[in-house]
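Colleague: Please take me through this model and say how each label was reached.

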Amino acid sequence: MDKLRRVLSGREDNEELGLTAQVLDASTLSYSTRVKWFVICFAGGILCSILGTALLFLPSGLKLFAVFYTLGNIAALASTCFLMGPLKQLKRMFEPTRLIATIVVLLCLVLTLCSVFWWGKKGLAIIFCILQFLAMTWDAVIKCFTTCLS
């Protein structure tokens with residue numbers, strides 16, 4: 001809106017703004033746009049995971065399952081970037097309390113694809129997919145176990 005006001009008032013040049021302000025002005029999204037893209041990206045991730053699970057029963061379905069399940073998890077991770085922004089998302093992912101889960105998720109994403117395409121170990125790919133799921137839901141799993149044990 002400020003950009004429109006500047007154009008209409010004849011002050012279109014951004015020279016009075018600093019470089020950081022210009023970048024932030026060009027890259028900010030409205031709240032409704034952020035929520036829409038979050039839903040689109042998250043739904044796409046869920047769709048990829050469900051599609052991968054459905055393709056599991058085809059003759060070469062394990063490869064397709066691993067690819068679609070991994071793409072689904074990547075899309076789910078990327079969807080939260082729309083809500084809080086990519087830098088804040090990365091900072092939160094690498095907080096000390098989430099560091100182990102983040103490393104496990106990223107490692108399992110790569111190892112799932114390696115186990116299917118290069119190593120040819122189907123059982124290992126399934127284990128890495130399970131580990132992806134557990135690492136993605138790390139906080140909820142820990143809270144559930146602490147609640148059950150106490």
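**Labels and their cut-offs**

Modeller: The end C-alpha atoms of residues 37-58 lie 32 Å apart, and this span is 86% helix and 0% strand. Helices (H or I, at least four residues) and strands (E, at least two) are DSSP runs, numbered from the N terminus. This is a predicted model, in which local features need pLDDT of at least 70 and side-chain atom pairs count only at pLDDT 80 or more, while totals for chains, interfaces and linings use all residues. Residues are numbered from 1 along each chain as its sequence is written, and side-chain values use heavy atoms, with hydrogens and water left out.

Colleague: What does the record list as "transmembrane region"?

Modeller: The unreviewed UniProt entry lists residues 37-58, 64-87, 99-119 and 125-145 under that name. Positions are given in the numbering used here, feature names are shortened, and annotations may be inferred rather than shown by experiment. Over residues 125-145 the model has 95% helix and 0% strand, with 26 Å between the end C-alpha atoms.

Colleague: How many helices and strands does the protein chain have?

Modeller: There are eight helices and zero strands, and the pattern along the sequence reads α-α-α-α-α-α-α-α.

Colleague: Which elements have the lowest and the highest mean pLDDT?

Modeller: Helix H2 (residues 19-27) has the lowest at 53, and helix H3 (residues 31-55) the highest at 90. pLDDT is the predictor's confidence in each residue, from 0 to 100. The protein chain averages 80, and 82% of the residues score at least 70.

Colleague: Why is glutamine 89 called buried?

Modeller: Buried means under 20% relative accessible area, exposed over 50%, and partly exposed in between (1.4 Å probe, protein chains only). Glutamine 89 has 8%, so it is buried. This residue is in helix H5 (residues 86-93). Not counting residues up to four places away in sequence, glutamine 89 touches Leu77, Thr80, Cys81 and Met84, where contact means heavy atoms within 4.5 Å. Across the protein chain, buried residues make up 23% of the 150 residues.

Colleague: What makes the nonpolar surface patch?

Modeller: The patch is made by Phe117, Trp118, Trp119, Leu124, Ile126, Ile127, Ile130, Leu131, Phe133 and Leu134, and covers about 980 Å². Patches take residues with over 30% relative accessible area and no salt bridge, joining like charges within 9 Å and nonpolar side chains (Val, Leu, Ile, Met, Phe, Trp, Tyr) within 5 Å. A salt bridge is a side-chain nitrogen of Lys or Arg within 4 Å of a carboxyl oxygen of Asp or Glu. Areas come from the Shrake-Rupley method with a 1.4 Å probe, and for residues only the protein chains shown count as cover. Helix H7 (residues 122-136) gives the most, with seven residues.

Colleague: Why is leucine 124 called partly exposed?

Modeller: Leucine 124 has 32% relative accessibility, so it falls in the partly exposed range. Leucine 124 lies in helix H7 and, leaving aside neighbours within four places in sequence, is in contact with Ser115 and Trp119. Leucine 134, also in helix H7, is partly exposed at 36% relative accessible area.
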